[in-house]
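Look at the sequence and the structure first, then read the points below.

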Amino acid sequence: TAHISLRGVTKKFPDRRNRTELTALDGIDLDVAAGEFVVVVGPSGCGKSTLLDLLGGLTTPTSGRILVDGKPVTGPGLDRGTVFQQYALLPWRTAQGNVEFGLEAVGVPRRERAERAREFLDLVGLTGFEHRHPHELSGGMRQRVAIARSLAYDPGVLLMDEPFAALDAQTRESLQDELLRIWERTGKTVVFITHGIEEAVYLGQRVAVLTSRPGRLKRVVPIDLGARAD
Ligand code: ADP
Ligand code: ADP
């Protein structure tokens, strides 16, 4: 499992309408320790997705530095698994096939792929659903498949961009508990993005609050997990 360090991370986009620049993120300093669960919260447009895109290596900072386990992020990599709001599952593949997909890319042998896919589907509570296609699964189940797929190749960091936002409240709550259980079992570093403050304080060990225009880190709030009533 990996630690993350952001130093003075700024991201600007060209703003064509005003022929100026839009500062999506401004001078973000943040450290996430190995095995820590940090939630980033803030209003729409404060740069949450941009921050996750930067961590995922889908885009590069205008200035500043992002290190994962001391190494600069230069692009997408298998040291970081990502779960998006939209499931991004392959519709023609089964749950099992979707989890195996990422393992094929890293050259895991066929038999081990199947075994590992079953193991991670079990971890997310989908034993018995291995051979279903995405359209035969509920929204919550599809998101479980996406989580299993991200974890299967053992990334040091799990990046989650509003993964439960499209789910109904009841499914969201059960997936939140499921995620906490998985996090406790795997010890992964998690960076979780949400605009829901209740989700943030329920899941996070620390909550990083962003303000918009420009996106600045307002404060980082530790959560007293002793107060988790379960
Ligand atoms: P959030 O996820 O918190 O809603 P985003 O990271 O999507 O915020 O966006 C932050 C700001 O950056 C917004 O003002 C948005 O319009 C702008 N932005 C995001 N991506 C781009 C882009 N590719 N080009 C131009 N502006 C962008
Ligand atoms: P969210 O609020 O869920 O992050 P957005 O509508 O802000 O969704 O962004 C959706 C996608 O569009 C993101 O990939 C973001 O980078 C891109 N985007 C956001 N604003 C702009 C913009 N002004 N110009 C170009 N792309 C943008």
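A cavity is a set of grid points where a 1.4 Å probe fits but cannot get out, whereas a pocket is an open set. The model shown here is predicted. Searching the whole structure gives 1 cavity of 30 Å³ or more.

**The largest cavity**

- The space in the largest cavity comes to about 30 Å³.
- Its lining consists of Thr82, Val83, Phe84, Gln86, Tyr87, Ala88, Gln143, Ala146, Arg149 and Ser150.
- Two elements, E6 and H4, each give two or more residues to this lining.
- H4 provides the largest share of the lining of the largest cavity, with 4 residues.
- By class, the lining of the largest cavity has 5 nonpolar, 4 polar and 1 charged residues.

**The largest pocket**

- In the largest pocket, 19 residues form the lining, and Arg80, Gly81, Thr82, Phe84 and Tyr153 lie nearest the centre.
- At least two lining residues come from each of helix H1 (48-56), strand E6 (80-83), helix H2 (95-105) and helix H4 (139-152).
- The lining of the largest pocket splits into 10 nonpolar, 6 polar and 3 charged residues.
- Thr82 and Phe84 are among the residues nearest the centre of the largest pocket, and Thr82 and Phe84 also line the largest cavity.

**The second largest pocket**

- The volume of the second largest pocket is about 180 Å³.
- Residues that line this pocket include Glu162, Phe164, Arg172, Glu173, His195 and Glu199.
- Helix H5 (169-186) and helix H6 (197-203) each contribute at least two residues to the lining of the second largest pocket.
- The largest share of that lining, 4 residues, belongs to H5.
- The lining of the second largest pocket contains 3 nonpolar, 4 polar and 5 charged residues.

**How H3 meets H4**

- Helix H3 (residues 110-123) packs against H4 at an angle of about 130°, and the two axes are 9 Å apart.
- H3 and H4 are therefore oblique to each other, since angles over 145 degrees count as roughly antiparallel and those from 65 to 115 as roughly perpendicular.
- The crossing of H3 past H4 is right-handed.
- On the H3 side the contact is made by Arg116, Phe120, Leu121 and Leu123, and on the H4 side by Val145, Ala148, Leu151 and Ala152.
- In this contact of H3 with H4, 7 residues are nonpolar, none is polar and 1 is charged.

Technical notes. Residues numbered from 1 in each chain as written. Chains lettered and ligands numbered in written order. Predicted model: local features only at pLDDT ≥ 70, side-chain atom pairs only at ≥ 80, totals over all residues. Heavy atoms only, no water. 1 Å grid on protein atoms, 1.4 Å probe; cavity = no way out; pocket = protein on both sides within 12 Å on 5 of 7 lines; lining within 4 Å. Nonpolar A, V, L, I, M, F, W, Y, C, P; charged D, E, K, R; others polar. Points joined across faces, edges and corners; volume = space filled by probe spheres on them. Axes fitted to C-alpha atoms, helices over the stretch in contact; angles between N-to-C directions. Parallel < 35°, antiparallel > 145°, perpendicular 65-115°, else oblique. Left-handed = near helix turned anticlockwise from the far one by under 90°. Contact = heavy atoms within 4.5 Å.
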